[in-house]
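Visitor: Could you take me through the pockets of this model, with the criteria spelled out as you go?

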Amino acid sequence: GFGVISGLTAVGVLLKIPEPECKRSQWNGQFLGLIKKALRDINFIKLISFGVAWAFATAIAAPFYAVFMIQNLSLSFSLIALLGILAGITSLLTLSSWGIISDRFGNKLVLLISGLMTGFLPFLWLLARPQNYAILPFIHLVGGIFGAGVTLANFNIVLKLTPEEDRPVYLALFAAPT
């Protein structure tokens, strides 16, 4: 019930936000031409490659953490869900800070720092033992903080790389494989 009320409230708020007029692309209706244009942009291809590699790595690793928590740590599904919620709330709370850092020092630096720190998370899992449950909230806090940095920097780089009038196609091409 709470989720439905929250969702309906979000839709109501969203409907009140004015949407700026979008610039029209010079490719007028030539969707295939827009795709070809985007795929000739070497920097955009590099970003897609990074996004795909990142998505692949996280998608391969993520399910095993839950299995580890169930089988080796004997955690309940409820506790695992709470840890996931902790990571999500931490991400939400740190996004604005990452935005400030990104504006000041650049998206590439935020992506580099966040990516490297997120890459060290599997090593923290080596410390997770039945005698050491206290490490789990810390791991999820760190994951939430630096995961937000990766997400924000990735999206900001996509926005900076793309021509404004062709942005919907670029965003779709980036989002599809990632």
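Guide: The largest pocket has a volume of about 570 Å³, where a pocket is an open set of points on a 1 Å grid over the protein atoms alone at which a 1.4 Å probe fits, with protein on both sides within 12 Å along at least five of seven lines, and where a volume is the space filled by probe spheres set on the points, which are joined across faces, edges and corners. This is a predicted model, in which local features need pLDDT of at least 70 and side-chain atom pairs count only at pLDDT 80 or more, while totals for chains, interfaces and linings use all residues. Residues are numbered from 1 along each chain as its sequence is written, and side-chain values use heavy atoms, with hydrogens and water left out.

The lining of the largest pocket, meaning residues with an atom within 4 Å of a point, comprises 25 residues, of which Thr58, Ala62, Tyr65, Thr118 and Leu121 lie nearest its centre. Two or more lining residues come from each of α3 (42-71), α4 (77-105), α5 (107-119), α6 (121-125) and α7 (135-161), these helices being DSSP runs of H or I with at least four residues, numbered from the N terminus. The most is given by α3, with eight residues. By class, this lining has 15 nonpolar, 10 polar and no charged residues, with Ala, Val, Leu, Ile, Met, Phe, Trp, Tyr, Cys and Pro counted as nonpolar, Asp, Glu, Lys and Arg as charged, and the others, Gly among them, as polar.

Two of the contributing helices, α3 and α4, have axes that come within 10 Å and cross at roughly 140 degrees, the axes being lines fitted to C-alpha atoms over the stretch in contact and the angles running from 0 to 180 degrees between N-to-C directions. That angle makes α3 oblique to α4, since angles under 35 degrees count as roughly parallel, over 145 as roughly antiparallel, 65 to 115 as roughly perpendicular and the rest as oblique.

The second largest pocket holds about 310 Å³ of space, and its lining includes Asn43, Phe50, Lys108, Gly115 and Lys160. Here α3, α5 and α7 each supply at least two lining residues, and the largest share, six residues, comes from α5. This lining divides into seven nonpolar, three polar and two charged residues.

As for confidence, the mean pLDDT (the predictor's confidence in each residue, from 0 to 100) of the protein chain is 91, and 96% of its residues reach 70 or more.
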